[in-house]
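This briefing is meant to be read with the sequence and the coordinates at hand. It moves from the contact between the chains to selected elements within each chain.

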Amino acid sequence: MEIVGSRGKSSVSSAGDAFTDIQLYRSAPELEVRLEDFELYAVHRLRVLKGISDGLSRGKKPNEMEDLVNELWEVNMKRSEASEFVNKDIISHFVLRLVYCREEELRKWFLSMETTLFRYRFQRESPEAQRALLAEFNLPYKAVSSAEYESVKDKLKQAARSSGQSVPSADTIFYKVPFEQVPDLVASRRVFILKGYAYVAMNQVVSLLMTQYRSNLSKALVLTNRKWTSMIREQEKDRLTPIVEALSTSYLGPDYSQPIECADISLKDIDQVAKSSFPLCMRHLFEKLREDHHLKHGGRMQLGLFLKGVGLKLDDALAFWKAEFSRKVGAERFDKEYAYSIRHNYGKEGKRTDYTPYSCQKIISSTPGVGDHHGCPYRHFSEENLRAALNKMGVGNRAVEDVMDKVRSRHYQLACTLTFEAVHGASCDAGINHPNQYYIDSQKILESRKNSKGN
Amino acid sequence: MVREEVDNMVEDMVIDGVGTEQKPSSEFPEGFNANYLKIYYGKLFPFADMHKWMSYGNDGKHPGCDQSYFGRREFSFTLDNDIYLRFQSFNNVAELENAIKEKCPFKIDIGPVYSVDPAKRHAYAQSGDNIFTPVERELIFDIDISDYDDVRFCCSGADVCSECWPLMTVAIKVIDTALRDDFGFNHILWVYSGRRGVHCWVCDGKARRLNNEQRAAITEYLHVHKGNENSLKKVTLAGRSLHPFLGRSYAEVLKDFFEEKYILSQNLFSDEERYEKILEMIPDESISSELRGKWLDNKRSRDDINVVRWGQLKHLLQSGKQKVQGIHRSVEEIVFSFTYPRLDLEVSKHMNHLLKAPFCVHPKTGRVCVPIDPKHCEEFDPSAVPTLSKLLKELNMGALGTGGEEELENTLLGKSIRYFRSSFLQPLLKSCKEEIESSYAAKIQQSKNSLSW
């Protein structure tokens, strides 16, 4: 791809396959791109990816996601000329590869959002277009013969019924693929698996393609990163490099890995602050810890990293956890078995990564098991327990009903936002995306009230 | 080992024996100490078998063998003063044996095979890029009876008895069948964890090379309990039928175990507190209160009360006149809640998790972590497992002469060693050899092709 000054014009690429606009982005296009478009297109695509990320973290269902992705795509990417549209798609994708290739965390986010985008775009295509794309991937799998279909058809029907899919008939095409190729279908038990092979129905083929798409893109990102660090960054240091670097930071939002400025909390305040400003997930963990003097691994991670983000210093964190755990397992065992992982969270042990507090998305998608208290209460509590917990937080009956409404429609973060608003008597327009954001917003409100009283 | 020391130990053990007769449950704590362990490592621990296993055929002479393979495996030792040594690695069986004999670890854990020798990881860390990374690891499972505390009433925590151990037997049957029939794995080793659970090692080449996402997918496939401490119902089976895997597990293992054994041994329906837990899982209030009413008057009957009440519950739930949605799976949901295997998910999902090596001795019980044959797992009795003190007693009786390889088979450990060798190690090494040869042949073929260009 060649980037030219603002007087250049983008040339038209061949429109590709007649069936579909979906690109596999196999190689960077031979295109001239105006510098303004370079940045503008990237920003537009980022809006799409960010919108997808928000949708996922709100727990949207697949059909809702499909509508959302379609809308985001239409609004941000559509151009009047079909060829311009294809170009914009390709250019923005390759620019964002540059932006997101440079760190593991960025790569992971980009991979996951681009793969999701691919998935929902694919699903909207016609069967002919889908088959054409399937062929383009050049996968070595053959359709299951009718004799083989007969021998397993009962199981195939059973698997389809168990996951609420349409029951297959003799003309449904199945592909027999190694189960490793369709991890998402395996994880959710949406396929029948026999002796290492998953029977993937034509309407599930998107999972197979996602795996391929993702792995191709993942490899490409690693290569791009090498090129970036060895050549492009230096060559383009006056032109593209500043744009690329600005793009990656402006849109991911804060990760709360650094404690908020001058807002360290001390141990003596922690109980009070937990009551006033912790979101329910953290409050619950905090109370359970005080009650049981113990939390299992998932709970220690979720609460520990949150407290770090809130501004609890390592020494205080050690003292805090020790005070509780030593009552259950003794101080000596605490020092031996648990202190390490707390220092680890603060980047003082092991590979010395300064770990970031968990976001709502991560917490909502966790799977707490027996004996676990972590996770998102709005998602993982039973209705009775959630109601009781909300009452304890001082959420009024009307508000509880509103919260439960959101929970039933699986808008867990909106439920948390409503709780925030009910507890603080103030609105929270941005919505809750991160437990540490809940904390900061809460502190801001309390602080401003204190100040206005003082005046 | 000085002769005198061994003699002293015989005396110690006589004392242990007396203790056992008086209070059988406390046989073990005295049965474990560092000196016993030293002898165990010196005479009994199967170093050669462990090395063979962990080499996966790469210790052979074939040009396709990767001679660095064993040396890139992480071992970690927990010493008696709780010092934890991670990232130990050994180039051959002699190094492994010497280190273990010298350090006498209370626990040996096995980690993944890394891209480079884990002992030298710091040297590679300098280069910035993430060169030091796990590349192979058995697919492992850890099932722990203490995760069943809400459904067993005979024991809690680390305790286990003949009433609740069958839950582990059920877990082995369900998981083992799925790993073989569904996922097509063949080389699976089940091991008693020494105290309260079982470990599973899936050793097929394709299992060792799974990435984290694929491991997570298998784990989720096998994972049914979604409830936590804050929800009443731990298992929800949606959909118009059970997935073939769950249906098979239910029909072949769980249902009979629950109805014929578990409700009786745990008295699930004779005790109000216990049956309340079950009634809470029924989503239709009217049914649960109808049953509650029936069960209040303690009518005597010739049949066992647990069987009678379970029959009543099933009859009401399955009579077909139920209107509330989701009720038709209630019976299965109850059975799954009580008996379906509960995995420690995190252990299985990531390549870099450590797991205790087979044939370690559990420091709290003195029991050896012996393999369990999944074909005969009902017969496994954790209290009959060879213990360190019994093994040493036998040793002192003179069962072992020079401590040769074959002689191991004549000790109390013999049955376990024989099973390990003939049912697990030999077939595994055979398929490793084939795999090495065929991938070498393919490589040669490939380079020939590229030469011809």
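The points below treat the interface, then strands of chain B, then a sheet and a residue of chain A.

The model is predicted, and every value given here should be read as computed from that prediction. Chain A and chain B bury about 3100 Å² between them, with 53% of that area on carbon and sulfur atoms.

**Interface between chain A and chain B**

- On the level of residues, 36 residues of chain A are in contact with 38 residues of chain B.
- Three salt bridges are counted between chain A and chain B, and the count of residue pairs in polar contact, with both residues at pLDDT 80 or more, is 14.
- On the side of chain A that touches chain B, at least two residues each come from helix H6 (146-162), helix H7 (183-187), E4 and helix H17 (383-393) of chain A.
- The most is given by H6(A), which supplies five residues to the side of chain A that touches chain B.

**Strands of chain B**

- Strand E1 (residues 73-78) of chain B runs antiparallel to strand E2 (residues 84-88) of chain B, and three bridges join the two strands.
- Within this pairing, Phe77(B) has Leu85(B) of E2(B) as its bridge partner, while Thr78(B) has Tyr84(B) of E2(B).
- E1(B) is mostly covered, as six of its six residues are buried.
- The cover extends to both faces of E1(B), with Arg73(B), Phe75(B) and Phe77(B) buried on one side and Glu74(B), Ser76(B) and Thr78(B) buried on the other.

**Three-stranded sheet of chain A**

- Chain A contains an open sheet of three strands in the order E3-E5-E4, with antiparallel pairing.
- The edge strands of this sheet are strand E3 (174-178) and strand E4 (192-194) of chain A, each of which pairs on one side only.
- On average, neighbouring strands of this sheet are turned by 30° against each other, direction ignored.
- E4(A) is joined to strand E5 (residues 197-201) of chain A by three bridges, the two strands running antiparallel, and in E5(A) the bridge partner of Ile193(A) is Ala198(A).

- Arg283(A) lies in helix H11 (residues 280-292) of chain A.
- Arg283(A) counts as buried because its relative accessible area is 8%, and the cut-off for a buried residue is under 20%.
- With neighbours within four places in sequence left aside, Arg283(A) is in contact with Ala274(A), Lys275(A), Phe278(A), Lys392(A) and Met393(A).

Notes: Residues numbered from 1 in each chain as written. Chains lettered and ligands numbered in written order. Predicted model: local features only at pLDDT ≥ 70, side-chain atom pairs only at ≥ 80, totals over all residues. Heavy atoms only, no water. Helix = DSSP H or I, 4+ residues; strand = E, 2+ residues; numbered from the N terminus. Buried < 20%, exposed > 50% of the residue type's maximum accessible area, 1.4 Å probe, protein only. Contact = heavy atoms within 4.5 Å. Pairing = 2+ DSSP bridges. Axes fitted to C-alpha atoms, helices over the stretch in contact; angles between N-to-C directions. Buried area = accessible area lost by both parts, 1.4 Å probe. Salt bridge = Lys/Arg side-chain N within 4 Å of Asp/Glu carboxyl O. Polar contact = N/O pair within 3.5 Å; in protein donor to acceptor, adjacent residues only side chain to side chain.
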